[in-house]
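Open your viewer and get ready to click along. Each stop on this tour tells you what to select next and what is there.

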Amino acid sequence: MLGLLGRKKKPLTVAAPLAGEVKPITETPDPVFAEKMMGDGFCVFPAVADGVTVVSPVAGEVINLFPTAHAVGIRAADGLEVLVHVGIDTVKLQGRGFEALVAQGDRVAAGQPLLRVDLASIQCDVPSLATPVLLTNLDDKRKWRLDRQGPVEAGDPVATVE
């Protein structure tokens, strides 16, 4: 029992939820995300396509699935909460162009499809397709790093949380 007290959590890999270009969260074209008001993280500027599958960046439980399917939150086994928010101001589309492939309460594997999004059909109706990936409940005890920037495919490792 005493051996468990000082045990560090195993590092957690956070993957890209869709193909595109990874940049620091500060480069997101929305001050709420860029100024880290909802948490730290990174942003994926997606490659535009008619049908894009958004995959889970971590294994865990779906704890938030917005009715408009523009954002989904997942809690990893170690308690880290990750929010994937597809596009900027996409909530105003009221679900048009989005299809949920999971339900709140579902357990998901890293890389498992979460959403299907028709980026090509919504790109003219939103300020940006930039997709923030937020670590919403980081505290001073946990550190994270962005391991990769630039082009990625969905499911590629991007960040590590320790």
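**Stop one: a loop with a positive phi**

Select Lys-36, which counts as partly exposed because its relative accessibility is 37%. On this scale, buried means under 20% relative accessible area, exposed means over 50%, and partly exposed lies in between, with a 1.4 Å probe and protein chains only. Before you go further, note that this is a predicted model, in which local features need pLDDT of at least 70 and side-chain atom pairs count only at pLDDT 80 or more, while totals for chains, interfaces and linings use all residues. Residues are numbered from 1 along each chain as its sequence is written, and side-chain values use heavy atoms, with hydrogens and water left out.

Where does Lys-36 sit? Its place is the loop between α2 and β3. Helices (H or I, at least four residues) and strands (E, at least two) are DSSP runs, numbered from the N terminus. Now look at the backbone: phi of Lys-36 is near 60 degrees, a positive value in a residue other than glycine. Most residues other than glycine have a negative phi.

Step along to Met-37, in the loop between α2 (31-34) and β3 (40-46). Met-37 is exposed, as its relative accessible area is 54%.

**Stop three: another positive phi**

Jump to Gln-94, in the loop between β7 (81-85) and β8 (98-100). Is Gln-94 buried or exposed? Gln-94 counts as exposed, at 70% relative accessibility. Its phi is near 55 degrees, again a positive value in a residue other than glycine.

**Stop four: charged partners**

Side chains of opposite charge can pair when their charged atoms come close. A salt bridge here is a side-chain nitrogen of Lys or Arg within 4 Å of a carboxyl oxygen of Asp or Glu, and the count comes to eight salt bridges.

- Arg-75 and Glu-81: their side chains meet in a salt bridge (3.2 Å, N to O). Arg-75 is partly exposed at 34% relative accessibility, and Glu-81 is partly exposed at 21%.
- Asp-156 and Arg-148: this salt bridge is 3.4 Å, N to O. Arg-148 is partly exposed, with a relative accessible area of 32%.
- Asp-147 and Arg-145: the N to O distance in this salt bridge is 2.8 Å. Asp-147 is partly exposed at 43% relative accessibility, and Arg-145 is partly exposed at 42%.

**Stop five: the largest pocket**

How much space lies in the largest pocket? About 180 Å³. Of the 10 residues that line this pocket, select the closest to its centre: Lys-9, Asp-139, Lys-141, Arg-142 and Glu-162. On a 1 Å grid over the protein atoms alone, a pocket is an open set of points with protein on both sides within 12 Å along at least five of seven lines, and lining residues have an atom within 4 Å of a point. Grid points are joined across faces, edges and corners, and the volume is the space filled by probe spheres set on the points.

By class, the lining has two nonpolar, two polar and six charged residues. Ala, Val, Leu, Ile, Met, Phe, Trp, Tyr, Cys and Pro count as nonpolar, Asp, Glu, Lys and Arg as charged, and the others, Gly among them, as polar.

**Stop six: apart in sequence**

Finish with some C-alpha distances. Select Lys-143, in the loop between β11 (131-135) and β12 (144-146). Lys-143 is exposed, with a relative accessible area of 56%. Its C-alpha atom is separated by 5.8 Å from that of Val-161, 18 residues apart along the chain.

Next, pick Thr-26, in the loop between β2 (20-24) and α2. The C-alpha atoms of Thr-26 and Phe-42 are separated by 7.9 Å, with the residues 16 apart along the chain.

Definitions and conventions: On a 1 Å grid over the protein atoms alone, a cavity is a set of points where a 1.4 Å probe fits but cannot get out, and a pocket is an open set with protein on both sides within 12 Å along at least five of seven lines; lining residues have an atom within 4 Å of a point.
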